[in-house]
Amino acid sequence: MRIFCVEDDNSIRELVVYTLNHSGYEAQGFESAEPFWQAMADANTSAPDLILLDIMLPGQDGLSILKQLKAQTQTADVPVIMLTAKGEEVDKVMGLDAGADDYVAKPFGMMELLARIKAVARRAGVDHKADDGDEALVDGPIVIHPKAHTVQVNGQYIQLTLKEYDLLSVLMSHAGNVMTRDALLTDIWGYDFDGETRTVDVHVRTLRQKLGSARKLIETVRGVGYRMRKEANFQK
């Protein structure tokens, strides 16, 4: 699935594109309307299946781009998710009224953005990763069912908060690899979250408590972060 991201903030754009490319999507970023329209008109460039569009852009703004996309027959059906620092209700309404499929306010976590993309793509019938996204994540006795948003440990369902669920999902998706505290903050709490890395430690502690005997799968890498140990067979 091909995604275009139009965002003038370099750090945000690069993070979003990096995350998407490492999550099974084909993503390309643009800092303004001009290179975006050039790519859209390029016969050698595949048309996007979905567009992430910031409202506050230099030159032609996001709402104007959105209206132009919806006015053209060849792009009218391409789903669009608006990205903006504005939290006012009027901006959300204007974007949705102009044809946007969803609206994500900054700051947002990468897990939230991926979830929104999957939901919009599924509704629009362009989610070529939908079947993969519904597959359970399994590590030893822990099973995550993404579609149902449920977690089982040793066959028993456990109740997690949203952040605990996202934390477990990220760790299991990168099982065997060390995730730094900063990376976890970015993925789960948002790229400009004002809290401290201690926030991650607190959530890891409560998550471990709820995992029971499976808590040992979450390993602490001192001075760095956490790693989910890969387990084919786990003994209680």
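Helix α5 (110-124) makes the greatest contribution to the lining of the largest pocket, supplying 8 residues; helices are DSSP runs of H or I of at least four residues, numbered from the N terminus. The model is predicted, with local features requiring pLDDT of at least 70 and side-chain atom pairs counted only at pLDDT 80 or more, whereas totals for chains, interfaces and linings use all residues. Residues are numbered from 1 along each chain as its sequence is written, and side-chain values use heavy atoms, with hydrogens and water left out.

The volume of the largest pocket is about 1200 Å³. A pocket is an open set of points on a 1 Å grid over the protein atoms alone, where a 1.4 Å probe fits, with protein on both sides within 12 Å along at least five of seven lines; lining residues have an atom within 4 Å of a point. Volume denotes the space filled by probe spheres set on the points, which are joined across faces, edges and corners. The lining comprises 40 residues, and Met111, Leu114, Ala115, Lys118 and Ser173 are the closest to the pocket centre. At least two lining residues come from each of α1 (10-21), α5, α6 (130-133), α7 (162-173) and α8 (181-189). Because domain 1 (1-122) and domain 2 (135-226) both give residues to this lining, the largest pocket lies between them; the domain bounds come from an automatic or database assignment.

The second largest pocket holds about 190 Å³ of space. Its lining numbers 14 residues, with Met40, Ala41, Ala47, Gln74 and Thr75 nearest the centre. Helix α2 (residues 33-41) gives the most to this lining, with 4 residues.
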